[in-house]
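Thanks for coming, everyone. Please have the viewer open while I talk. I'll go from one link to the whole chain.

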Amino acid sequence: MKTKIMLIALAAIFTSNTLFAQQQGCVNFSASLYHKIDGISEKSQKTLLLKIEQLIARANAGSTTLESIFIIYPELNIVSNEVIDNGVVPLYLVDAELSLFAINGKDKSNYGVVTLPIKGAGNTQQKAFDNLFTKFNAYNPAANKFIKNATTKIEDYYSNNMPTVLRKVETLIAGNKYDEALLFLESIPICVPAYEQSSAAIQSLYKVVEEHNNTVKADSTNNVSVTPVTPVTIIK
């Protein structure tokens, strides 16, 4: 019963993401910090996350409304950190490189990276670090191009490798990993030529889970071992 409930919930998520994808671009990204950036306050990290969300929205590649398995996350490299003493209030200057990565959050496939120079200034070192992101331009042309290139790579991958993707799904189903199988199907962009195969696969997956649940219930009632579910073939 737990597996069936999980599947129904995931199917609802898949349907919602499909409708959202139809309204937005073909591939939708979520912004993620992925890991904490040392030396930067929590407030500034939230500012950075908002900037990335704005970049994604400008590229018509998703929003924070729904989660996506495709994420864009930042890494920060401090190039220089200096203090100018003008005799009144010291001025702290920070030069840094902000790298943005586009990945599949499930299998960690990398679809591109862009590195952008950013600067921060303030009358304390912390303010200089915090200032790094406040003036960061969400309309940055290089960042916009990076997102569009990553989108194209994802579309190309699924367009050219659908049989491999669906075989992976079949393997997961055969191992009774139904939730993982559905999440794997969720990654398939709606605009790829074989997208209908993924929709059909979801229906096949639902039938497999029903068969599995019925078998477990029957075998449990008769006090016998659980009968393995017949593997489903979703590659036509």
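Start with the sulfurs. In this predicted model, Cys-26 and Cys-191 form a disulfide, with their sulfur atoms 1.6 Å apart. The structure holds 1 disulfide, and this is it. Turn to the S-S bond. The angle about it is -75°, so to speak of handedness, the link of Cys-26 and Cys-191 is left-handed.

Which parts of the chain does the pair link? Distant ones: the two cysteines are 165 residues apart. Cys-26 sits in the loop between helix 1 (2–23) and strand 1 (29–31). Cys-191 sits in the loop between helix 6 (178–186) and helix 7 (195–221).

Is Cys-26 buried or exposed? Its relative accessibility is 16%, and the cut-off for buried is under 20%, so Cys-26 counts as buried. Cys-191 has a relative accessible area of 42%, so this residue is partly exposed.

Now the strands. Strand 1 and strand 2 (residues 70–84) run parallel, joined by 3 bridges. Find Ala-31: it stands opposite Ile-72 in strand 2. Next, strand 2 and strand 3 (residues 91–104). They pair in the antiparallel sense, over 14 bridges. For one spot to look at, take Glu-82, whose bridge partner in strand 3 is Leu-93.

How many residues lie between strand 2 and strand 3 in their hairpin? There are 6. Look at Gly-87 in that turn. Its phi is positive, about 90°.

On to the rings. A pair of aromatic rings is described by two things: the distance of the centres and the angle of the planes. The count here comes to 6 aromatic pairs. Take Tyr-34 and Tyr-73. Their ring centres are 4.5 Å apart and their planes are at 25°, so the pair is stacked. Tyr-34 lies in the loop between strand 1 and helix 2 (42–58), and Tyr-73 lies in strand 2. So the pair ties together parts that are 39 residues apart in sequence.

How covered are these two? Tyr-34 is partly exposed, at 39% relative accessible area. Tyr-73 is buried, at 9%.

Tyr-73 also pairs with Phe-101, and that pair is stacked too: 5.0 Å centre to centre, 15° between the planes. Tyr-73 is in strand 2 and Phe-101 in strand 3, so this pair ties together parts 28 residues apart in sequence. Phe-101 is buried, with a relative accessible area of 14%.

There is also a ring cluster. Ring pairs link Phe-29, Phe-70, Tyr-111, Tyr-157 and Tyr-158.

Now zoom out. The protein has 7 helices and 4 strands. From the N terminus, the elements run α-β-α-β-β-β-α-α-α-α-α. Of the 236 residues, 41% are buried. The protein exposes about 12,800 Å², and carbon and sulfur atoms supply 53% of that. Take contacts between residues at least 6 apart in sequence: 68% of them join residues at least 24 apart.

Last, confidence. The mean pLDDT is 78, and 78% of the residues reach 70 or more. Where does pLDDT fall below 50? One stretch is residues 1–23, which has 38 contacts in the model beyond near neighbours in sequence. Residues 225–232 are below 50 as well, and that stretch has 14 such contacts.

That's the tour. Questions, please.

Conventions:
Residues numbered from 1 in each chain as written. Predicted model: local features only at pLDDT ≥ 70, side-chain atom pairs only at ≥ 80, totals over all residues. Heavy atoms only, no water. Disulfide = S-S within 2.5 Å. Buried < 20%, exposed > 50% of the residue type's maximum accessible area, 1.4 Å probe, protein only. Pairing = 2+ DSSP bridges. Contact = heavy atoms within 4.5 Å. Areas by Shrake-Rupley, 256 points an atom, 1.4 Å probe, with all protein chains shown as cover. pLDDT = per-residue confidence, 0-100. Phe/Tyr/Trp six-rings, centres within 6.5 Å; stacked < 30°, edge-to-face > 60°.
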